[in-house]
Amino acid sequence: MKIINHRLLNDDGTACRYQPSPSVGGVLAAQYLVMHFTAGRDAASSIASLCNKASKASAHVVIGRDGGVTQLVPFNRVAWHAGVSRWQGLEGMNHCALGIELDNAGRLDRVGSRWQAWFKASYPDDEVLVATHKNAPAGTPPCGWHTYTEVQIAAALDVAALLVGRYALRDVLGHEDIAPGRKVDPGPDFPMASFRARLFGRAQDTEEILMTTTVLHIRVGAGAGFAALPVSPLPPDTRVEALQKQGNWWRVAVLDTVGGDMDVEGWVNSRFLRAAT
C-alpha cells in the first residue's frame, strides 16, 4: 500500500476500500497514532456505526479480523475517535492524532462456560486472553479480552508504518493511555511494546527477548491457578518475547516451535526466564 493525497492506495494504484464518514473535523496535522478496538460485533457493523452521522464518532481506518482495511476519513482531516483525552500537555487528541480501529469485541465476562461481550455474543476460550488491565486498580480480578488475529495485527502494522513515515508521527498510543479510567482499548491483548519497536526502533522500545531456564508451562492467564495452554511445556532455552508484565507473571510470545506450533502466546512466571544470549 501507499498514501497519495491522504488516501490509502494499493500498490497497483487502485484505491483501498473507502467509505466516508460524515463525522469529520477540520485540517489535521497529526503528531500521534492512537489504536482502538471497536467493541463491536464485526467490522461491517462498526463501519456502519462510524459512518452514521447520529453516532458523532469516526476513525481514519478500520481493520477487520481478516486483515481487510477500510478508510473512513482522509489522513489530513480530524476524525472523532479520541473524545476527552490528553497526552503530555496536549488536550483533546482528536486534533493531533490519527485513529485506527481494530475489529474486536473488547472486554468479556464469563457467563457459564462461555465468554460473553456486552452485546451478548459469546466467544470460545481459544479467542480469549484472561488478564487484568494495566490501568485497573490494585486487586482487580482478571477478566476476558477478545484476542486479535495475526493477520489483523500484521495489517495494522503495515498501515501504521505508512502513517508514521508519511506524517513523521512521534509515537503510537492506546486509547487507554490518553483517556485512562474512561477507556480500556486496545486492551491487554494488543502487543503495544513490539508494535512500537517495529515502527520506531528506538532503544526504549526494543523488544525484550528472553529464554526459559527450565521446563515451563505457559498458561492462559497471569497465575498458577490458570490452565496451561494445550501445547507441550516450553523446554529449557526456548526463546520468548515479553509482551506484557503483571508482577512476576509475564505474557510472552514464543519465538521457537513448540509441539509443531509456531503461534503460541501465554503467561509464564518470569522467575524462570533469563536474558537471551
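Predicted model: local features only at pLDDT ≥ 70, side-chain atom pairs only at ≥ 80, totals over all residues.
Residues are numbered from 1 along each chain as its sequence is written. Local features need pLDDT of at least 70 and side-chain atom pairs count only at pLDDT 80 or more, while totals for chains, interfaces and linings use all residues; side-chain values use heavy atoms, with hydrogens and water left out.

**Stop 1: helix α1**

Select residues 43-50, which form α1 (helices are DSSP runs of H or I, at least four residues; strands are runs of E, at least two; both are numbered from the N terminus). Ala-43, Ser-46, Ile-47 and Leu-50 are buried here (under 20% relative accessible area, with a 1.4 Å probe and protein chains only). These residues lie on the same side of α1, because they cover an arc of only 100° around the axis (taken from the directions from the helix axis to the C-beta atoms).

Next pick Ser-46, with a relative accessible area of 8%. Leaving aside neighbours within four places in sequence, Ser-46 is in contact with Thr-38 and Gly-40 (heavy atoms within 4.5 Å).

**Stop 2: helices α2 and α4**

Select residues 150-167 for α2 and 192-200 for α4; their axes come within 10 Å and cross at roughly 40° (axes are lines fitted to C-alpha atoms over the stretch in contact, and angles run from 0 to 180 degrees between N-to-C directions). Show Ile-153, Ala-156, Leu-157, Ala-160, Ala-161 and Val-164 of α2 with Phe-195, Arg-198, Leu-199 and Phe-200 of α4: these residues make the contact.

Conventions:
Buried < 20%, exposed > 50% of the residue type's maximum accessible area, 1.4 Å probe, protein only.
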